[in-house]
Amino acid sequence: FEYGGVHVTFRSMHTAPYRSCGTAAVHSADNRICENRDFIFPVFTPASSRRTEAVTLLLHGLNERHWMKYLPWGYTLCGRTGSTVMIIPIAFHMNRSPAQWAQIRSMMPLALLRKREEPGNRAVSFANAALSQRLEEFPDRFISGGMQTIFDIEYLLRQIRSDADPLVLPDARVNLFGYSIGCSLAESLMMADSLRSKGARLLQDPRAVLFCGGSLLEYANPVSKAIIDERANGALQEYFYHFGRDDAGSVLFNGLEQSSAGSQIPWKMILASLMRAEFAPLFRIRKLREQRRRIRVYHLPNDTVFSPEAVERTYGEAGMESVITGLPELPGSSHEVPFPLCEENRGAGSIQPVYHDFFSDVGSFFSS
């Protein structure tokens with residue numbers, strides 16, 4: 001349908017499971033989830049027949065199951081930039097997961113079980129029960145799902161570069177708008193592409209906006225009823241701790257370079273460098289500095305998941321304080337709901353100028 005000069009549609013995609021993504025147990029269990037392989041995602045285009053000279057990939061947060069929060073963002077980004085905007089679902093998230101993972105009736109028994117097993121387990125909820133259980137059971141799902149998402153994005157970009165996309169020109173610039181864990185995906189894509197030869201790069205003079213994210217994962221605190229519970233986070237942080245020290249992930253990364261369309265990309269080093277400060281610090285700092293004119297980071301003053309201190313610490317270590325911008329604090333705002341439609345904001349009208357100023361700034365940066 002068309003609204004306000006923006007055409008909105010859904011595109012279908014089929015993705016094969018990646019042989020190198022995950023242990024045998026993960027491979028066996030997750031390959032049976034058919035929703036992850038065949039899915040649709042929203043696409044916004046300016047209401048015209050011509051193909052766009054830029055495409056913006058909107059990368060969402062961890063444990064998201066609904067498009068509702070992101071549809072206004074995609075619509076606004078399209079209007080502000082004149083680019084095609086695609087909201088890319090992370091593997092096993094959004095509509096790439098069974099519907100019951102987001103249903104209170106199906107997930108409440110699991111949440112109650114997790115609470116009984118460890119009464120002190122914080123932030124247990126029906127909304128995060130499925131992801132918490134899956135990550136505690138096999139923490140490498142965090143990486144395997146991320147890598148599958150990266151390969152899906154690379155597939156889309158190769159379609160564009162081969163002039164096979166009906167909406168985007170083959171030499172289009174790629175903008176990355178990352179939110180929460182989507183920021184880490186954007187950073188990974190930027191680092192990897194910079195390691196390719198100039199003729200093989202998938203991103204053309206890219207710009208990346210990191211919103212409510214971008215810090216090292218060891219500095220983040222995803223314990224939230226909307227994300228994961230404390231016990232799952234403990235298992236995940238322990239996995240990160242060992243990831244860059246020993247052979248953790250060796251099964252995961254067997255043949256990974258070959259899976260990435262023949263590109264010899266050191267994915268394990270890239271991902272490890274974004275997990276903990278001690279892993280490949282010189283590589284991380286060098287790569288972030290190389291992109292300093294192409295990255296802009298926005299944080300909320302009251303964000304408890306990716307706090308301002310965590311973001312400033314990560315980019316401060318790279319001498320990139322100038323790329324960070326703090327947004328005004330809105331009544332009722334949080335990491336999970338950065339632009340809340342609460343009564344205070346309706347009455348004062350305070351959300352509209354903050355929202356529109358933010359996306360105007362983002363649009364100007366993407367068009368620069």
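Visitor: What joins the side chains of Arg 196 and Asp 193?

Guide: A polar contact of 2.9 Å joins them. The term covers a pair of N or O atoms within 3.5 Å; within protein, one must be able to donate a hydrogen and the other to accept it, and residues adjacent in sequence count only if both atoms are side-chain atoms. The side chains of Arg 196 and Glu 154 are also joined by a polar contact, of 2.5 Å. This is a predicted model, in which local features need pLDDT of at least 70, side-chain atom pairs count only at pLDDT 80 or more, and totals for chains, interfaces and linings use all residues. Residues are numbered from 1 along each chain as its sequence is written, and side-chain values use heavy atoms, with hydrogens and water left out.

Visitor: Why does Arg 196 count as buried?

Guide: Buried means under 20% relative accessible area, exposed over 50%, partly exposed in between (1.4 Å probe, protein chains only). Arg 196 has 7% relative accessibility, so Arg 196 counts as buried. Arg 196 is found in the loop between H6 and S7; helices (H or I, at least four residues) and strands (E, at least two) are DSSP runs, numbered from the N terminus.

Visitor: Why does Asp 205 count as partly exposed?

Guide: Because its relative accessibility is 36%, Asp 205 counts as partly exposed. Asp 205 lies in the loop between H6 and strand S7 (207–211), and has a positive phi of about 45° although it is not a glycine.

Visitor: What makes Ser 180 count as buried?

Guide: Its relative accessibility is 5%, so Ser 180 counts as buried. Ser 180 lies in the loop between strand S6 (168–179) and helix H6 (181–194).
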